[in-house]
Each structure stands twice: as structure tokens, then as C-alpha cells.
Amino acid sequence: MGATFIVTLREAFEAALILGIIYSYLEKVGARDGVRYLTRGGILGLLASVGMGIGVSYVSGPLLDVGPDLIAIVVIFAAVGLLTWHAWWMQQHARLIRGHMQHRIDQARAANRLWVVGLIAFTAVFREGAETVLFLWGIMAQAGGGGWGSVVGGVAGIGCAAALGWAIFRGGRRLSLQHFFSVTTVFIMLLAAGLFSSGIARLQGMGLLPLSEPLWNTSWLLSDGSITGGFLSGLVGYRSQPNLPEVCAYIAYVVIVGVLLFARRAPVTVGLVSPTRS
Amino acid sequence: MRRYVALVALVAMSVGFAGAAAAADPELPLVLEKNRWQPDVIKVKAGAPFVLVITNKDKGPEEFDMATPRIEKVIPAGKTVRLKMPALKPGKYPFVGEYHSETAKATIVAE
């Protein structure tokens with residue numbers, strides 16, 4: 001029971017975290033319309049996960065051999081792009097808020113792009129969702145002799161992750177706007193960097209990028225399979241034996257996106273958040 | 001025009017070559033039964049790609065999960081999946097069935 005609890009908690013944790021952050025973000029900036037998009041995106045992600053979980057059992061041949069991998073790769077890189085976009089969006093808001101222009105956020109323009117928030121929720125849930133569905137299915141298929149404890153553990157893990165997401169939402173409301181923006185922007189950036197580097201690793205595993213030797217091995221300190229290692233891997237992309245392309249991808253992402261997000265500039269008038277001068 | 005034809009021919013040749021190379025990759029069977037991999041040690045030639053033909057004889061799905069290099073592959077219950085593996089340097093490459101990692105443990109040995 002404990003083992004399956006940890007597995008589903010880990011799988012669902014990331015999605016819960018992202019949803020928790022974005023829900024509190026939307027509430028903070030008063031974009032209540034966005035909440036609907038976010039919820040819909042999450043529900044669609046859940047449905048797609050179940051659909052994919054069932055779908056893979058009905059296909060075979062090349063479709064089964066490469067299909068799920070291709071979908072996984074597309075979802076990973078889409079999630080990286082969307083999260084980057086969201087961090088940038090938050091950062092722009094933060095700039096305006098610093099300049100006491102909080103109330104000038106152009107709601108109408110914001111509404112035009114809120115579907116992106118829905119997409120973020122979709123990718124966040126779908127990315128690990130299909131795997132979680134298969135995992136639960138796997139333990140249920142063998143639940144006959146006293147295995148129901150495992151199923152209960154699995155469901156409890158998802159519930160616990162959802163509770164954590166909720167806690168982040170509640171906690172986020174208490175934080176000052178300034179703190180909330182800087183903490184979550186850095187956090188989302190590291191999460192996306194880890195995701196980006198894991199996408200590169202997946203491409204290597206599929207033989208589309210060259211493999212190379214691990215640069216170091218810290219599994220004696222913290223292995224990927226351990227509970228802490230697993231959580232850190234989801235949060236900041238921790239890997240005990242990363243290779244050169246993975247490390248380069250991570251560093252390049254952090255440097256480029258970090259500069260993009262935090263380089264000192266005058267508040268720019270970009271699309272969504274252009275202050276309306278009156 | 002002639003250059004174009006030559007280009008098409010080149011592309012066709014390389015596609016054909018890639019196909020031939022893929023067909024020539026050795027295939028190694030791997031079976032999951034009662035949440036265990038059989039065999040639990042698979043010897044492969046280092047430096048050459050190969051194909052794992054994985055059959056899941058259990059009632060539930062399983063995921064082939066290797067940490068280094070990172071390879072994940074779901075094998076639905078009762079299905080067979082062909083998993084193309086990259087060329088490995090000499091060494092030991094452990095992997096698990098993620099959904100039953102206590103029992104489904106095995107190693108690929110590249111020599």
C-alpha cells in the first residue's frame with residue numbers, strides 16, 4: 001500500500017503543484033475567467049489520460065512501438081514551452097505591479113489568451129496522467145488476493161497530491177504579490193529546465209540524439225529511485241547520472257530563460273499586459 | 001532537374017539503407033511473467049543497436065524503465081512491444097518494471 005501511495009503521489013504531485021500555482025496566480029491578478037479555463041484544461045487532461053491508458057491496450061504493431069513515445073515527446077516539449085511562456089507572463093505582471101499599475105491589467109486582452117492557461121493545465125495533468133492510469137490499472141488487474149490495499153494506497157496518493165496543490169493555493173494567497181511572483185517564477189523555471197533536459201534524455205533513449213557517458217554519479221548520495229530523489233527529479237530535474245547533452249540542455253535553458261525573465265529592462269509593453277495610459 | 005533527381009535518389013537510398021540497418025538489428029526476447037523479467041540478464045554486443053522484443057504475459061500493464069540511458073516503455077497486458085535500443089558502451093544497465101519494481105528487476109550487459 002505504501003509503495004503505490006508513493007508512486008501516485010510522485011506522479012500527481014507535479015501537476016498539483018502547477019495547478020495550485022496557476023490557480024492562485026489567476027486569483028491574485030483577478031483573472032477569474034481564467035479559473036474556468038484552467039479547470040476545463042485539467043479535466044480534459046484527465047479524460048485524455050484515461051483515453052490514452054485504454055487506447056494503448058487496443059493498438060499494436062508500430063503504432064504501439066513508437067506512438068506513445070512520440071506523444072510523450074510532444075507533450076514534454078509543449079509543456080516546456082507553455083511553462084516558459086507562463087513564467088514570462090507572470091514576470092511581466094510583476095513588473096507592472098511594482099510600478100503600481102496592478103489595476104491597469106487589460107482584462108479584455110487577457111481573456112484572449114486564457115486558453116493557454118487551459119493548455120498548461122492539460123499538459124500538466126496529461127503528462128504523467130496516462131502513466132498513472134496504467135499504473136492503477138496494473139495494480140487493480142492483480143488486486144484479487146488482498147491487493148486492494150495497493151489500490152487504496154494509489155488513490156490516496158493522488159488525493160494527497162491534490163491536497164498539497166490546494167495547500168499551495170491557500171498558502172499562495174497569503175504571500176505578498178511580490179514574493180509570490182518571484183518564488184513561483186524561479187520555481188516554474190527550474191521545473192521547466194528539468195523537463196527540458198528530460199525531453200533531451202528521452203530523445204537520446206529513442207536514438208534520435210547521441211548518447212554519452214554520465215558526467216558524474218551521485219547515486220551514492222541520492223538515487224533517482226529514492227523517494228527524495230524522485231520528488232527532486234520532478235521539482236528541479238534532479239538526476240544522479242546525467243550526461244553531457246542533459247546537463248547542457250539544463251544549463252542553457254536556465255541561462256537563456258533566466259536572462260529573458262530577470263534581465264533589468266524598463267517595463268515593456270507586451271501584448272497582454274500593456275498598461276493603458278489614461 | 002538532374003540535381004533534383006539525384007537528391008531524390010540519395011534520399012531514397014538512405015531511407016532504404018536505414019530500413020536495412022534497422023532490419024539487421026539483432027532482436028532479443030524479453031518476457032514479463034508474474035511480475036518478473038525473463039531472462040533477468042541479457043547480454044548484448046557493445047556499440048551496436050538492438051531491438052528488445054518485450055512480451056507482457058501478465059494481466060496488467062507494465063513499464064520498462066531504465067534510468068541510464070533514460071528509456072521508458074509501456075507494455076499493455078498480453079501485448080508484445082518492439083523496443084529499439086541505442087548502441088550501448090560496455091557496462092551494466094539495470095532496468096525495472098516500474099509498476100512492480102520490487103520483483104521486476106533485470107540487467108542488460110553490454111560487452
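Here are some questions and answers about this predicted model of chains A and B.

User: Let's start with chain B. How many helices and strands does chain B have?

Analyst: Happy to begin there. From the N terminus on, the elements of chain B run α-β-β-β-β-β-β-β-β-β. Counted by type, that gives 1 helix and 9 strands.

User: What share of chain B is buried?

Analyst: Here a residue counts as buried if 20 or more other C-beta atoms lie within 10 Å of its own C-beta atom. Chain B has 111 residues, and the buried ones make up 32%.

User: Among contacts in chain B between residues at least 6 apart in sequence, what percentage join residues at least 24 apart?

Analyst: A contact here means two C-beta atoms within 7 Å. Taking the chain B contacts between residues at least 6 apart in sequence, the share that joins residues at least 24 apart is 59%.

User: Which strands stand at the edges of the 5-stranded open sheet in chain B?

Analyst: The order of this sheet is E3-E9-E8-E5-E6, with mixed pairing. Two of its strands have a single partner strand each, so one side of each is left without a neighbour in the sheet. The twist averages 20° from one strand to the next. The edge strands are E3 (41-44) and E6 (71-75) of chain B.

User: Over to chain A. Which helix do the buried residues of H8(A) pack against?

Analyst: Helix H8 spans residues 227-236 of chain A, and its residues A:Gly230, A:Ser233 and A:Gly234 are buried. They lie on the same side of H8(A), because they cover an arc of only 90° around the axis. The helix they pack against is H1 (2-28) of chain A.

User: How do H1(A) and H7(A) pack: at what angle, and how far apart are their axes?

Analyst: In this contact, A:Ile21, A:Tyr25 and A:Lys28 of H1(A) meet A:Leu177, A:Phe180, A:Thr184 and A:Ile188 of H7(A). By class, the contact has 5 nonpolar, 1 polar and 1 charged residues. The crossing is left-handed. The angle is about 145°, with the axes 11 Å apart.

User: Finally, which element gives the largest share of the side of chain A that touches chain B?

Analyst: Between the chains, 23 residues of chain A are in contact with 20 residues of chain B. The elements of chain A giving two or more residues to this side are H3 (62-98), H5 (114-141) and H7 (177-205). The residues on this side divide into 11 nonpolar, 8 polar and 4 charged. The largest share, 6 residues, comes from H5(A).

Note on methods:
Residues are numbered from 1 along each chain as its sequence is written. Chains are lettered from A and ligands numbered from 1 in the order in which they are written. This is a predicted model: local features need pLDDT of at least 70, side-chain atom pairs count only at pLDDT 80 or more; totals for chains, interfaces and linings use all residues. A residue is buried if 20 or more other C-beta atoms lie within 10 Å of its own, exposed if 12 or fewer, and partly exposed in between; C-beta atoms are placed from the backbone. Helices (H or I, at least four residues) and strands (E, at least two) are DSSP runs, numbered from the N terminus. The arc is that of the directions from the helix axis to the C-beta atoms. Two strands pair if DSSP finds at least two bridges between them. Axes are lines fitted to C-alpha atoms, for helices over the stretch in contact, and angles run from 0 to 180 degrees between N-to-C directions. Ala, Val, Leu, Ile, Met, Phe, Trp, Tyr, Cys and Pro count as nonpolar, Asp, Glu, Lys and Arg as charged, and the others, Gly among them, as polar. A crossing is left-handed if the near helix is turned anticlockwise from the far one by less than a right angle, and right-handed if clockwise.
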